[in-house]
Amino acid sequence: MSKSTLTRRGLLKTGAVAGAGLAAPTIFDGKAWSAAHTGFTNAPEGDTVTLGFNVPQTGPYADEGADELRAYELAVEHLNGGGDGGMLNTFSSKTLDGTGINGKRVEYVTGDTQTKSDAARASARSMIEKDGAIMITGGSSSGVAVAVQALCQEAGVIFMAGLTHSNDTTGKDRKANGFRHFFNSYMSGAALAPVLANAYGTDRKAYHLTADYNWGYTTEQAVKESTEAIGWETVNTVLTPLTQTDFSSYIAPVLNSGADVLVLNHYGGNMVNSLTNAVQFGLRDAQANGKNFEIVVPLYSRLMARGAGANVKGIYGSTNWHWSLPDEGSQAFTRSFGTKYGFPPSQAAHTCYVQTLLYADAVNRAGSFNPCAVVEALEGFEFDGLGNGPTLYRAEDHQCFKDVLVVRGKENPTSEFDLLEIVEITPASQVTYAPDHPQFAGGALGSCNPGA
Amino acid sequence: MLGLNKKDFSLLLIVALLTMLAPFILNPFPEGSELAQFNAGYPDLMQRFVIFGIFAIGFNILFGLTGYLSFGHAAFLGVGSYAGVWMMKLLTMNVIPAILVSVIVAGLFSILIGYISLRRSGIYFSILTLAFAQMSFALAYSVLTPLTGGETGLQLSLNDPRIIGTSVTESGSIPVTHLFGLEMRDSFELEMGAWLFTFNAGYYVCAVVLLVAFYIAIRIFRSPFGMMLRAVKSNQQRMKYTGLNPKPYTLAAFVISGMYAGLAGGLMVSMDPLAGAERMFWTASGEVVLMTILGGAGTLIGPILGAGMIKYMENILSKINSTILHEWFAFMPDGIEDLLVTLVYPFIGKGWHLTLGIIFMLVVIFLPGGLVEGGQRIARLFRRKKEEPKGPDPEHHPKPAPHVAE
Amino acid sequence: MDAIILQILNGLDKGSAYALIALGLTLIFGTLGVVNFAHGALFMLGAFCAVTLNGILTISHTVIDETRTDFLGNPLKVEVPYIYDIFGETLGASIIDWSVPLAILFAIPVMILIGVIMERGLIKFFYKRPHADQILVTFGLAIVLQEIIKYFYGANPIPTPAPEAFIGSFDFGQLIGFDANTIIYPYWRLVYFGFAMIIITGVFAFLQFTTFGMVVRAGMADRETVQLLGINIDKRFTLMFGLAAAVAGLAGVMYTPINSPNYHMGMDFLVLSFVVVVVGGMGSLPGAVLAGFLLGILESFASMGAVIDLIPGINQVIIYLVAIVILLTRPRGLMGRKGVMEE
Amino acid sequence: MGILEVKGVNKRFGGLQALGDVNLSVEENTVHAIIGPNGAGKSTLLNVLVGKLIPDTGSVMFDGQSVLGRSPHEINQMGISRVFQTPEIFGDLTVMENVMIPCFARRDGSFRLHAFETVFNEKALVEQAEQILIDVNMIDKRDMHAASMSRGDKRRLEMAMCLVQEPRLLLLDEPTAGMARADTNNTIELLKEINEKRDITMAIIEHDMHVVFSLAERITVLAQGTPLVEDTPENIKGHPKVQEAYLGQAHG
């Protein structure tokens, strides 16, 4: 009988029972960690390692979740040496050679977050406790990301966040075991503001409609602060309920409010509906204060753009990544994804794929699956070739700093996937902020938890 | 024994055995085998089985006995959860105060909502409870964010001003929930051949609470109070003209079931200290209705079975993806394999909602008494075969068909 | 003042959708005595009739365009709808453009059929069962229906625009003497409002002036007596169910340009439409319509910035608050008949 | 001074005078019938007696206390039990439970949260309930599901439920309405038996003359909302006013 805080299912796959030897190295260097194959949650035994892909499979973000899952399957295929290798060939770190992670073949389990923090935690716990997952990744909303990240911290596994854009994920709710590759509200604001100043001038009056929950609040704050910094004035901010479907009563008063720009801090179904409504009310073609009225959507996603259809034409927003990026890494990924599934990947798929690779590489470099080793390997890690230019995984908050894309709805799309065009690639330096920036204050990473 | 007749006592004993041996019963398949997919004996799911069992038992005291269909019961679970987390943030990581406060706060909240909602009956009562729960959800998700954590849920942080105990452990983590030092996440693992069984401290705490909750429910069912509640459902007119006032009886039932919900919420955060607003969404209330009906409303054991079944589907069925399906049917010829996968796929994995909907409809149509009625029918079938005519059991009262007060 | 007129207009529009759904719901409750939780799903199915018709009209064959390339660098495959081949590109394109209004013709028979199948295949077994059972079985059905739609159409909203001619908005404020840009109203919403009025008038006229309607109304009042007269009320009630389904479906069809349809739009409307029915009074058709418009307008008022500033979160709860107040002060709803589902 | 005293009760519904200056006194330990043709105001009067309707003027005193404005359960707790036209019983419960409920109501009042006692451990009440079932010849049916019984048995059960409370006044609202002749006779027998075994005060509101004349000791005839006469059955039988009221109704 062995006592443990969390299960170690890997043990039985080979029938071997590992000794209870617990090495506790104090200085990081790959060699030291590699000696310790036990003493942490779900230490993989045998020749396989299990990753947990926790994505929304039911509920409104199910399509996004499906795309994330495709990316994960592709990543696993590439890690195990299948397919054309995708970004493995362009990644600046060369430890990934198609032999799995740390020489172990990659297996995976999937779960359904339902985009509910409870369900997502249940699903993550089942993958950790039942299936012996060593790392959890995925998700399509910040509520879920924050909830699962806290769980992984407690359980002692690594969490590689999927799509989560709220500042809180690496701000007030940051955790040592959690890492985010995706960009955030602050970066959206910082990237958008100069482009907007260029396109629409610095003498603008903005009206914000904001989804009435955490992500909405941080996005509104970020966009407000960065646009005010370039000289814009904020006329009004109105909160809209999450469950709202018809935004007419929020949109209608905008034109008469003295504003000449409408910022829609909405995501998912909210964004599709509010943008559709705004266009219906003629805001895109209207005149105000002697200027063309404009609409801005801080966080764009291709899947949502698809839902809004022709309404996105000419509307600015920001995005983490887009398949039309010309760099080698993006092209390689788009090629292998497109060949396998027949259509280009979404930004959610990209971030999930990249996160899996980053994790695998960190394990290889550390020589151990021990979460603390992985944390040390990822902290301050600089890499390139994964689609966003040279990138830094900052040690202070586990946020990736990389180029951010400002995009615009395309006027003449050639297909249902070709809805956005890149307007500008904002360099990483422009979206970098201090770890203790007020928008991110109040959190602490704590120390890494290896569990067990 | 324990003030129960023989039949009820054996029922309690069966439930006790089932819960205590759950780690064995729920893990019938050896590790690493194809069928291990269907094992449910891991701490999180076992905890959920009993916690939702408690929730459903409580709901059944209201719906099963009085027939009042509350469509907003998840609000009490949510309020209880928030109260529990706040207790941990402010007072101690010991689960006892958290659970107690959860029950009390949920009880107070249900007095308020019950007092207002019970002024109406039938569908009006359902709509009132639904409206209150939806208001609670909407506010908790948005304007009450400072109190509830909003979208990300209320969780512990490294700078909680905890009075008893520390804010941060020596290793720099948030302390974990415990019962006088016994950590809820502690587990013993037992290896027997190819099998692995996990005995989790948190689970056993929940299981003991479930047994107490179940015992109380049996006592309530067999008590004059329980009989009065069934009278409420059966004929309020006659009840009034028999000198009984149905209002306080239904309110008491409402509050008791609200406290059960609060207890479930408190246990939930004791096992996993995070309280999310989605817990109060109307579909969550719908879920406990499904559990109770599926198992058998008005029966003692039904709600526990229903809760187990739905949580099993949610957690096990939803994890089966197409890769696993292909593995299962790999022994078939290719064409048939693909056909089988295509046929089964819509119902598992991300299609588990569909399966749930279908099963639920079938139960409501053909087995209004839920799984318990199904079991009774089968048992009767066997009994008839043995040709042992048996008179009606004097102590056996469960109603086959749930009726709502109208 | 202009802000208030604006919100009344918005409320009328929201109210149209609520009223249409609640109308069908009440029709079913009034005639059959069934509480139908799957009614929101019927609204959703209607919306997907429009999506489906659009899909049928755009069934395409692929033509390889060697001059352009797709995202993988292969020659671009261009989808050309067959309808272009049949009617020529100009007419073909405008047929596709008009697919939403055309979907009305498509949705009427489909929705009536769905309604009749639902009634004959499921609901009729629940006439004698308690309301709770009806709620539960139709709730199960709603889950099944929406999951089926999700299986075929995915979870993402599907854009279904109005015909080109109705895109855009007009300045209603200027018409009645306000400054430009104060009261803007989209054409399609005007169409929707008009459409709702036609349907509502149609249903009332149908019940008022046809023999069929008279029998049904008599049946609503006293089912047994009508049956004693030797009239086969059941058959008529089946058709009534089909009619209610069609009303919900049409409300869904025409709603698609306002909000892109998705599989859970029925559930989004379900709770709300029940509140509308209860506020209007269970079983009262005029009550359902009145309550629909009333709640639509109240919801619009509650979303005004000034109101939210005054009472934070009021826009989140206004509908439920109204429902609670009405149920407590006037349990039979605004226009409910006495004794219908009353305590 | 009767146990039930109705004095000067008037009740109007809009323009209709439903009850006009009703005076009535039910003496203790008598069977008092209130008869009258349809529309005479019997139901209205009954609703006034059980507190459902409040009269415009007048008083209804039970044992010196007003019943007006009290809810049904309070009136029952004062000692008035009621038998309905169609038997009102707890269909989902067993016969024994149906009888246990009034036993508890009598002992504990209108509400008590006795959630931890066990119904069948209350020996005294169980004995009481069993005794009344023996009295009405239903003891062999004690474990039956009440809804599954015949209408006659349901009526018998309802009677038992009322009697076990040992009410000081038993109100019967057309106890034989809609019954076949045989069932009616059975009910009459049952009521006679009860009346013989126990000294009980009964007020019967009835349409059927046959029932009334076989049971009642005093009869009040109600017509158009007003008491026409009050007398013994023998005197009522040949009373011209009564005949006129009934015949008039038959013609009109």
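In this predicted model, strand 7 (residues 205-211) and strand 8 of chain A run parallel and are joined by 7 bridges. Within this pair, A:L209 has A:V238 of strand 8 as its bridge partner.

**The sheet in chain A**

Both strands belong to an open sheet of 7 strands with mixed pairing, whose order in chain A is 8-7-9-12-13-17-18. The edges are taken by strand 8 (233-240) and strand 18 (420-426) of chain A. Each of these two has a single partner strand, so one side of each has no neighbour in the sheet. From one strand to the next, the twist averages 25 degrees.

| Helix of chain A | Strands of chain A touched | Angle between directions |
|---|---|---|
| Helix 7 (residues 214-229) | strand 7, strand 8, strand 9 (261-265), strand 12 (294-299) | about 165 degrees with strand 7 |
| Helix 9 (residues 268-280) | strand 7, strand 9, strand 12 | about 160 degrees with strand 9 |

Strand 8, at an edge of the sheet, is among the strands touched by helix 7 of chain A.

**The domains of chain A**

Chain A is divided into domain 1, made of 10-183 and 324-398, and domain 2, made of 186-319 and 418-431. The C-alpha centres of domain 1 and domain 2 of chain A are 32 Å apart. Between them, 15 residues of domain 1 are in contact with 16 residues of domain 2 of chain A. On the side of domain 1 that touches domain 2, the elements giving two or more residues are helix 3 (62-79) and helix 12 (347-366) of chain A. That side of domain 1 of chain A has 8 polar, 4 nonpolar and 3 charged residues.

**The contact between chains A and C**

Which numbers of residues does the contact take from chain C and from chain A? Chain C gives 38 residues and chain A gives 39. On the side of chain C that touches chain A, two or more residues come from each of helix 1 (2-32), strand 4 (184-186), helix 12 (285-302), helix 13 (305-310) and helix 14 (314-329) of chain C. Helix 1 of chain C gives the most to this side, with 6 residues. By class, the side of chain C that touches chain A has 17 polar, 16 nonpolar and 5 charged residues.

Key. Residues numbered from 1 in each chain as written. Chains lettered and ligands numbered in written order. Predicted model: local features only at pLDDT ≥ 70, side-chain atom pairs only at ≥ 80, totals over all residues. Domains from an automatic or database assignment. Contact = placed C-beta atoms within 7 Å. Helix = DSSP H or I, 4+ residues; strand = E, 2+ residues; numbered from the N terminus. Nonpolar A, V, L, I, M, F, W, Y, C, P; charged D, E, K, R; others polar. Pairing = 2+ DSSP bridges. Axes fitted to C-alpha atoms, helices over the stretch in contact; angles between N-to-C directions.
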